[in-house]
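Hello,

Here is the structure I promised to pass on. My notes on its helices and sheet follow below it.

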Amino acid sequence: MPIHRRQASIEMLEILGVVKENGNEQQSLPPVLTPLSYDYVLVAKMINDQERERFRKQTEYIDELKKKNFKVTKIIDNELVFYGIQAPKEIFEKYRYLLKVSDACNWSSDQSIVPLSTRIRIVHFILGHTYIHSGENLRELINMKVFETKFCLHEKKKQKELKASWARWTACLQGQPITAVRNYFGEKVALYFLWLGWYTFLLIPPAIIGVIVFLYGISYYKHSPLLNEVCNSNATMCPLCDKGCKVWQLNDTCTYTKVTLLFDNNGTVFFAMFMAIWATLFLEFWKRHRASYVCEWKVSDWSEEEEELILEIVNDVKCEPKQFRHSYLRSTLVLICVTVMILVIIGLTSAVVVFRVIAADFLAKDSWEFLSNHSNVGAMMLGGFLHYFIITVMTRVNWIVARRLCDIEEIRSFASTEKSFTVKMFTFQFFTYFTSLFYAAFILGRINGRPGNYVKIADRWRLEECHPSGCLTDLFIQMTIIMVLKQTISNVFEFTGPWLCRFWNRRRTQKLQRKCAHCYLKDDSETKDGDELCENCKLRDWLSNYRLNDVDSFSLFSEFLEMVIQFSFTTIFVAAFPLAPLLALLNNVVEIRLDAIKMVTLERRMVPKKTNNIGVWLDILEAIGVLAVIVNGLVIGISSDFIPRLVYRYRYSPCANGTAAPDTDCMVGYIKNTLSTATMIYVNGSNKYSEGIPPGSDVSYCSYKDYRSKEDYSHTQQFWIILAARFAFVILFEHVVVICKFIAAGFIPNAPIEVKNSRLLDKLKRLKEELQSFDHLII
């Protein structure tokens, strides 16, 4: 027998330590017959009164399964009734034949065997599409409490193997046995972990470069004349509110300036360009790795919608196909609802802005000098925590709304429903997470007005202003709070929640006796058709699975959504937070094992799903990559002080005028150049607010960050030059980076040549086999 040679892309992933395979494990699949295991288990509460409606519907549903020649084993344990479901061989024979003659799925797998993962998927579909006479299916019966729950069983041997090689904390720095995961959980889960492993590995270069940029920022601000200018300044700054606020000294914000210069420096521009190209390379190489694995698993041409048709026929030969339908009325209604939901989310962000404005006003008037001097920072941090609370609440609301909108659409297949739900849910979550960040990046400090003509809320509270050293730190503070809190708290709850639930379920139920020696030997050896465990050992196995946490069709969706949101943080606003890739890397190393431990030991077995890609998530990731280019260009060009510093250096600095000494830094005087002045009377409106002037000083004017004339407060020529330079930079940055992205995407093929040749040879081999079968029939 010829030795199977794996694709070069898979071997490269093994060398890099992303995956860990054992020889030709791709070819090792479970046997067809699994007599000791049941395909599915239904659980119901004990009903004493047999005349009750629930008991009638429960019995009727079980009878419908028996009509399809399903074997149903009933075991009673105290108040619970377990129904073990085993499908007849004929169902799987039909599935194999229809798979062979289908248009899209006939090249999708080895049709000589039906592994347990496929059996579970087929039975899961049939159970969900079996109806009683009143028209309810299993999901509706569970909602009506006729059945309590349903689940497929973990395989003890495979579970132990996955625990040893994958689902343990000590394996954090080891590769993942992706093919073993695929054989147990199906292609959908395997591709998620393959994507997550590749994403985590590829975060190493940006994490290292982000740390280098951060260290450059440290060395930059230590020798920066901007820091010395702020810390040694004697400038008196205008009050932060109109009534009750004092003037303040610019040198009071020396620490804040240090933090700003850590992230707002020349290295930020390079890093933003690098991350935009990195996102493209990550996705293009992912497509190659995906193509290699789906070719190895023989699901390259597989179609989810066609498999659903096959399963419908297997379930009911007389079935009628679900027709494609489209309603402009329903589509318009859904579009309106989505728009309204987005407006609500933006409204909540506006509420956060109002809260920060009011909080800043109160903190500025506080008698404690520390709070008064750092009122803007304090308000920003309080707003960040409030934003995180809103995210937590709205995540649940967004989920409910997205599900309801999918119900309104009445989409034909589950695959289409999942795609529609994914797009809606991600859209809602994106606006929930990022609207506040877009405000901090592009609106904060730009519409607040000027002394004597400030923009106010309710004619009382002035809008926030940027710090004289720049606005980027406000964005950095918000990103840090949201990203750190989200990742830390999510991981804590994600692990402790299922663990505590399992612990509590075990405490509530009585401890069963150990598996008997006879069944233990059966379970540990080769079994024959017809072998079964004793009733006590069956109940022990079913009850141990019942105690685990429940999963559903959208359990994997939640994991994907969390990671894609993190990818958005890592790429879109990375110019304001170079350490984001490092935080994402550390989180993902833990996340991979956390998800593995959950799926293998803390949760019921997820129904194995077949697929050949990550679905609409790839389109979303590519859209995020394009958005990252636009946003990072705008952040550097508009939010940071990179452009004003360049304009000052080459037009207004001592070096530009030729008046500087040879050893003079060209940025000397920059901070003073960015400040405009206003008379105190004009600021306060009258002499009534002279208590804002420090005692014993004769302050007749104050400074504020802007480029305005002292006489009539009109914008100076420098303001318009900087504005033109900002727009020119944004256009240049985006065009250069987009061109680089397109070149990188076009240079890297979506599938390796070995994969294309392998698929070609495989199809040729199958066609020849079909021709030989045809010749035998003629003879």
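Buried here means under 20% relative accessible area, exposed over 50%, and partly exposed in between (1.4 Å probe, protein chains only). Helices (H or I, at least four residues) and strands (E, at least two) are DSSP runs, numbered from the N terminus. Please note that this is a predicted model, where local features need pLDDT of at least 70, side-chain atom pairs count only at pLDDT 80 or more, and totals for chains, interfaces and linings use all residues. Residues are numbered from 1 along each chain as its sequence is written, and side-chain values use heavy atoms, with hydrogens and water left out.

Helix H11 (residues 254-263) is largely enclosed by the rest of the structure, because seven of its 10 residues are buried. These are Cys254, Tyr256, Thr257, Thr260, Leu261, Leu262 and Phe263.

Now the sheet. Four strands make an open, antiparallel sheet in the order S2-S3-S1-S4 (two strands pair if DSSP finds at least two bridges between them). Strand S2 (71-77) and strand S4 (149-151) are the edges, each pairing on one side only. S1 (residues 40-45) and S3 (residues 80-86) pair over six bridges, and leucine 42 has tyrosine 83 in S3 as its bridge partner.

Two helices lie across this sheet. H2 (residues 53-67) lies across S1, S2 and S3, at about 160 degrees to S1, while H4 (residues 116-128) lies across S1, S3 and S4, at about 40 degrees to S1. Axes are lines fitted to C-alpha atoms, for helices over the stretch in contact (heavy atoms within 4.5 Å), and angles run from 0 to 180 degrees between N-to-C directions.

Best wishes
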